[in-house]
Amino acid sequence: MKKAILTASAAVLALAASAGIAAARDQVQIAGSSTVLPYAKIVAESFGETFTEFKTPVVESGGSGAGIKEFCKGVGEATIDVANSSRKMKEDELKSCVDAGVKDVQEVKIGYDGIVFATDIKGPDWALTPADIYKALAAQLVVDGKLVANPNTKWNQVNPALPDWDIAAYIPGEKHGTREVFEEKLMAAGCDKDAVKAAGVGEKEVTKACVAVRKDGKAVDIDGDYTETLARIDANKTGVGVFGLAFYENNADKLKVATVGGVVPSTETIAKGEYPVSRPLFFYVKKAHLGVVPGLKEYVEFFLDDQMVGPESPLAEYGLVAAPDAERQQQRDDFAAGKTM
Amino acid sequence: MTAAVGTLPVAQAPARRDIGLKRRYAAETRFRWYGRVAISIGVIFLAVMLISIVSKGYTSFMQTSVLLPITFDAKVIDPQDKRATDPSVLIKANYPNLARDALAARLGISPDDKPQMAALKGFISDGVRTQLRDMVVADPSIIGTTRDVWVLASANIDSAYKGQIDLGVAETNRKVSDKQVGFMNKLRDEGVMAGKFNTGLFVNGASSRPETSGMGVAIIGSFYMMLIVLLLALPIGVAASIYLEEFAKKTRLTDIIEVNINNLAAVPSIVFGLLGLAVFINFLGLPRSAALVGGLVLTLMTLPTIIIATRAALAAVPPSIRSAALGLGASKTQAVFQHVLPLATPGILTGTIIGLARALGETAPLLLIGMVAFVADYPTTPLDPATALPVQIYMWANEAERAFVERMSGAIIILLVFLMVMNITAIVLRRRFERRW
């Protein structure tokens, strides 16, 4: 018995030691954004089912930033092949990639994602504008030419058309890619920059002052994902939550969606560019791994195929807003041509 | 003079001292009540947790299926009759259409009735593609025949069948249309739609479709990791504790080691994950997401627990046993291995199993080494990508689809059963082999 344990332990140690020189990796490895994760999962699964000669790619979640960091660790078997991201790769991230030897990065845009405001299904209809959101959720507002702490406590103080509800908004936390879109497309868009400047804020500080969210408990940062936001709305029936369009569509029997600028969010209105709060979704591929990791090239081509990202595809059914035809063709051409960042 | 029999002075009972008897009784009664209240609060929390998990999760063990007479039509599978020369047509064929046509026939819908046919979309799980393909690939001679096959209904139909979708809300706001509810009721009344035991939950890998997703990969991954933890942590931990407890002289160095081991036992598990990422993946170049790396990280995490439990078990063996062995001429090593260690075994095993149970429930350290991932294929060796039971629960908790909620609770039930079995084993071992002095 004791001898058996010793032998087995020795075997495990030997296995651990030999793994460093293990055979070549035969599986695509992907990491990154939790927004892109569901789409990547659908593609990975279909890929595994269609191409029986390749293994199903492994998709890790963990966030756009974490995925890109892992992606930029270098080239080779121990590093991932694809990073999913719900935002464009930043300049300094690309630089860190290049510094680590990942010189050729191919960017692929897969489509668009909408961000919606939703309340409990039994609540009244909501029609929001970016200005309403700014006035309700900004840290400081300009009142009589001076910047003061946000005095609004009820939605109908912001806009008389909104219900008499205490302001309680559940917005994505700062580590989310969604937060950036929220700040840029709603807070900054709803903010009267000239008035803020007139109130004595320096030129460079204006945007920062505009996107600062109030910290008095009326706007709650959600660091988990949309399931948590949904639970908050369940608990507080007069709360307003920020969701991805796909999540809302999967839970439309529990949530009522608000219009923004008079436009109802849907895949159609986002594709037409009418609904203002949307963002492109990306993934990044290591060119050095193409042709080395089996299935990587096929995976990317399969992802870009119209049967995956087209308007009548499983991804569109899940909630992805397909890019216009010309743009999808452009992505395919760029990838085939090996265009790098 | 009367007999000088002095009357004894009546003995005065001493003034009753206040020894606070009443107060002490009251305090005792109060304390007992505190204890009862504390236990009831604990039991209530446990009951609430179990009831909420079981009530949400028990439905996940049944999965709605439809019995369809599927005609393996050569015109659909292999329209150009090329299968003899090119076997890949059998893999790429449009199997979902076979199931759709069979469903339409079963419901009496004509293929020309476009609106009705459109409503059939999303009724049958897309997992039927692999199910039927595997049947055809295994036995191509079934092409051209008709077989009765139980196929899975889609997750939305499954949720509606189980009553988890509120059919009272407007049709546009739910994932199941009124037509589909009609089909569903018709099939149920005809007895060809029923909940079947959900084997897939235990054997399937991860999937983006709730109805075909399962914990197979997670169970295998957890099994590999537990095996690695057991094979590494037990011998290393026991050897370290025997040396520290029985052989090492008490010096400043052993004191420092002891303090460090106790500290390590309290270090948050995510720290071990960071260590694993830096050492095993970045330095040693082991593969990401592999059960081997997970097992090594959990070994590091479990070692202090095992060392502490083993040392306590060794220390509980009375010194007389050692003295007697030494007195009869046994060497120190013989005394330890032939007398002390067997007596300490129940304690060591209990500590090991509790350490393993803790390792089984860990997610945080696995996040950093890439095991929180979508893995569809079975890991054949510990070097292949895998996930773990608690990771699967976490992944399902983050899904948007309603049907994943019950799967998450179902997975929690499975994990709890595993933990319960391990803890009961620990108790049984202790009861059977424990020696009292």
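The structure is a predicted model.

**Exercise 1.** Determine the strand order of the open sheet in chain B, and state which strands are the edge strands.

*Solution.* Step 1: the open sheet has 3 strands, and their pairing is antiparallel. Step 2: the order is β2-β1-β3. Step 3: β2 (146–152) and β3 (193–197) of chain B each pair on one side only, and these are the edge strands. Step 4: from one strand to the next, the twist averages 40°. As background, strands of a sheet pair through backbone hydrogen bonds, either parallel or antiparallel.

**Exercise 2.** Describe how β1 and β3 of chain B pair, and find the bridge partner of B:Ser65 in β3(B).

*Solution.* Step 1: locate strand β1 at residues 62–71 of chain B. Step 2: β1(B) and β3(B) pair in the antiparallel sense, over 5 bridges. Step 3: B:Ser65 has B:Ala194 of β3(B) as its bridge partner.

**Exercise 3.** Which strands of chain B does helix α4 lie across, and at what angle does the helix run to β1(B)?

*Solution.* Step 1: helix α4 of chain B comprises residues 95–107. Step 2: this helix lies across β1 and β2 of chain B. Step 3: helix α4 runs at about 90° to β1(B).

**Exercise 4.** Characterise the two assigned domains of chain B and the contact between them.

*Solution.* Step 1: the domain assignment gives domain 1 (61–197) and domain 2 (216–433). Step 2: the domain centres, taken over C-alpha atoms, are separated by 46 Å. Step 3: domain 1 contributes 6 residues to the contact, and domain 2 contributes 4 residues. Step 4: the side of domain 1 that touches domain 2 has 3 nonpolar, 2 polar and 1 charged residues.

Definitions and conventions: Residues are numbered from 1 along each chain as its sequence is written. Chains are lettered from A and ligands numbered from 1 in the order in which they are written. This is a predicted model: local features need pLDDT of at least 70, side-chain atom pairs count only at pLDDT 80 or more; totals for chains, interfaces and linings use all residues. Two strands pair if DSSP finds at least two bridges between them. Helices (H or I, at least four residues) and strands (E, at least two) are DSSP runs, numbered from the N terminus. Axes are lines fitted to C-alpha atoms, for helices over the stretch in contact, and angles run from 0 to 180 degrees between N-to-C directions. Two residues are in contact if their C-beta atoms, placed from the backbone, lie within 7 Å. Domain bounds come from an automatic or database domain assignment. Ala, Val, Leu, Ile, Met, Phe, Trp, Tyr, Cys and Pro count as nonpolar, Asp, Glu, Lys and Arg as charged, and the others, Gly among them, as polar.
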